[in-house]
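Subject: Structure for you to look through

Hello,

Here is the structure I promised to pass on. Please open it and keep it beside this email as you read.

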Amino acid sequence: MGFVTTSDGTQIYFKDWGAGRPAVLSHGWPLNSDSWESQQLFLASHGYRVIAHDRRGHGRSEQTWHGNEMDTYAADLAAVIEHLDLRDVTLIGFSTGGGEISRYIGNHGTARVAQAVLVSAVPPLMLKTDDNPGGLPLDVFDGIRAGSLADRSQLYQDFANGPFFGANRPGAQVSQGMKDSFWLQGMAAGHRNTYECIAAFSATDFRGDLAKFDIPTLVVHGDDDQVVPFEVGGQASAALIKDAELKVYAGAPHGITDTHKDQLNADLLAFLNSYAA
C-alpha cells in the first residue's frame with residue numbers, strides 16, 4: 001500500500017499485491033479499490049502483480065475540489081503507472097473505471113499497455129445525444145444528481161438494494177454484506193467528487209478513445225445490466241474496438257465483480273494468460 005503524488009499535488013492511494021506481470025484495476029462509481037478485492041486477491045494468487053488505486057475523491061485518496069473529470073482521472077492513472085514504472089500492463093476497468101482506462105489509452109497511448117479489459121463499462125457514451133440516439137436520457141442522470149444532493153446515503157442504499165446488483169429482480173440473492181460494502185465505500189468518497197463524477201461517467205464521449213485501442217481487448221458485460229445497459233455499453237464498445245473479444249454474461253447485472261466473481265475471475269485469468277510478450 002502507498003500513495004502517489006500527482007502533478008497537481010494530489011495524493012492517490014493504491015494497493016500493490018503479488019508479483020509478476022502487472023495488472024491495474026480501475027474501479028466504478030462511487031466505490032474505491034476495495035470493490036476489486038476478489039479479483040485482486042485471485043489474480044495476485046495466480047502469478048500477477050495487481051495494483052488497484054482509489055480514484056481522486058474516492059476512498060483513501062485526497063478529496064480534491066477540482067479535477068473530477070476523465071482527463072484528470074486518466075492523468076492520475078498515468079501517475080500511478082509511471083511512479084511504479086509498470087510495463088506490459090493489463091488495464092482492467094469496471095464501469096466508470098472502464099472510462100478511465102479508455103481515456104488513458106486515448107490520451108497517453110499504449111506504450112506501457114499489453115491488454116485492456118472493459119467490465120460493465122460506461123464507454124462509448126452513456127448519454128443520449130443527437131449522434132448517440134441509443135443512449136440514456138439526461139433525465140436519468142439529473143435524477144441521480146438530485147438524489148445525491150437530497151440524501152446521498154439513501155441514494156447509495158437504493159442503488160445497492162436495486163439495480164446495481166440486480167437485487168430488484170425476482171429470485172435475486174444478494175447478501176446484506178454486499179449491499180453494505182457498496183454503501184460504505186460510497187460514503188467514504190467526497191460529496192462533491194461523487195456528484196461531479198456523475199457527469200464524468202455519463203456525458204464523456206469515449207468513441208475517439210476506443211478508436212485508439214491497438215492492443216488485445218476483452219469486453220465483459222451482463223445482458224441484464226440496469227445501470228449501463230448492454231446495448232449502450234459492452235455491445236457498442238466491442239463494435240468500435242478493433243478485434244475486441246466480447247463475453248456476455250446471461251442474466252447478469254451491473255455489479256458482476258461481486259455477483260459473478262468466480263466467472264469473471266476465471267475469464268480475467270484466462271485473458272491475462274493469453275498474452276505472450
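This is a predicted model: local features need pLDDT of at least 70, side-chain atom pairs count only at pLDDT 80 or more; totals for chains, interfaces and linings use all residues.

**Helix α2**

Start with α2, which covers residues 70–83. The helix has 14 residues. From its first C-alpha to its last, α2 reaches 20 Å. That is close to the 20 Å expected at 1.5 Å a residue.

Is α2 mostly covered or mostly open? Mostly covered: ten of its 14 residues are buried. Among them are Met-70, Tyr-73, Leu-77 and Ile-81. Thr-72 and Asp-76 are buried too.

Now look at the two ends. Glu-69 caps the N-terminal end of α2. One of its side-chain oxygens lies 3.0 Å from the backbone nitrogen of Asp-71. At the other end, α2 is followed by Asp-85, which has a positive phi, near 50°.

**Where α2 meets α3**

Helix α3 spans residues 96–108. Its axis and that of α2 come within 8 Å. The two axes cross at roughly 75°. Angles of 65 to 115 degrees count as roughly perpendicular, and α2 and α3 are therefore roughly perpendicular to each other. On the α2 side, the contact includes Met-70, Tyr-73, Ala-74 and Leu-77. On the α3 side, Ile-101, Tyr-104 and His-108 are among the residues that take part. By class, this contact has nine nonpolar, four polar and three charged residues.

**Helix α1**

Helix α1 runs over residues 37–44. Which of its residues are buried? They are Ser-38, Gln-39, Gln-40, Leu-43 and Ala-44. These buried residues pack against four strands: β2 (11–17), β3 (21–26), β4 (48–53) and β5 (89–94). They also pack against helices α9 (256–259) and α10 (261–273).

**Two cis peptide bonds**

Check the loop between β3 and α1, where Pro-30 is found. The peptide bond from Trp-29 to Pro-30 is cis, with omega near -5°. Then go to the loop between β6 (113–119) and α4 (138–161), which holds Pro-124. The bond from Pro-123 to Pro-124 is also cis, and its omega is near 5°.

**Positive phi values in loops**

Asp-88 sits in the loop between α2 and β5. Its phi is near 55°, a positive value in a residue other than glycine. At 35% relative accessibility, Asp-88 counts as partly exposed.

Ser-120 lies in the loop between β6 and α4. Phi is positive here as well, near 50°, and again the residue is not glycine. Is Ser-120 buried or exposed? Buried, with a relative accessible area of 0%.

**Arg-192**

Finish in helix α6 (residues 191–203), where you will find Arg-192. This residue is partly exposed, with a relative accessible area of 25%. Which residues does Arg-192 touch, not counting those up to four places away in sequence? The answer is Trp-65, His-66 and Asn-68. A polar atom of the Arg-192 side chain lies 2.6 Å from the backbone oxygen of Trp-65. Compare that with Gly-171, which is 21 residues from Arg-192 along the chain. The C-alpha atoms of Arg-192 and Gly-171 are separated by 36 Å.

Best wishes

Note on methods. Residues are numbered from 1 along each chain as its sequence is written. Side-chain values use heavy atoms; hydrogens and water are left out. The expected span of a helix is 1.5 Å times one less than its number of residues. Buried means under 20% relative accessible area, exposed over 50%, partly exposed in between (1.4 Å probe, protein chains only). A polar contact is a pair of N or O atoms within 3.5 Å; within protein, one must be able to donate a hydrogen and the other to accept it, and residues adjacent in sequence count only if both atoms are side-chain atoms. Contact means heavy atoms within 4.5 Å. Axes are lines fitted to C-alpha atoms, for helices over the stretch in contact, and angles run from 0 to 180 degrees between N-to-C directions. Angles under 35 degrees count as roughly parallel, over 145 as roughly antiparallel, 65 to 115 as roughly perpendicular and the rest as oblique. Ala, Val, Leu, Ile, Met, Phe, Trp, Tyr, Cys and Pro count as nonpolar, Asp, Glu, Lys and Arg as charged, and the others, Gly among them, as polar.
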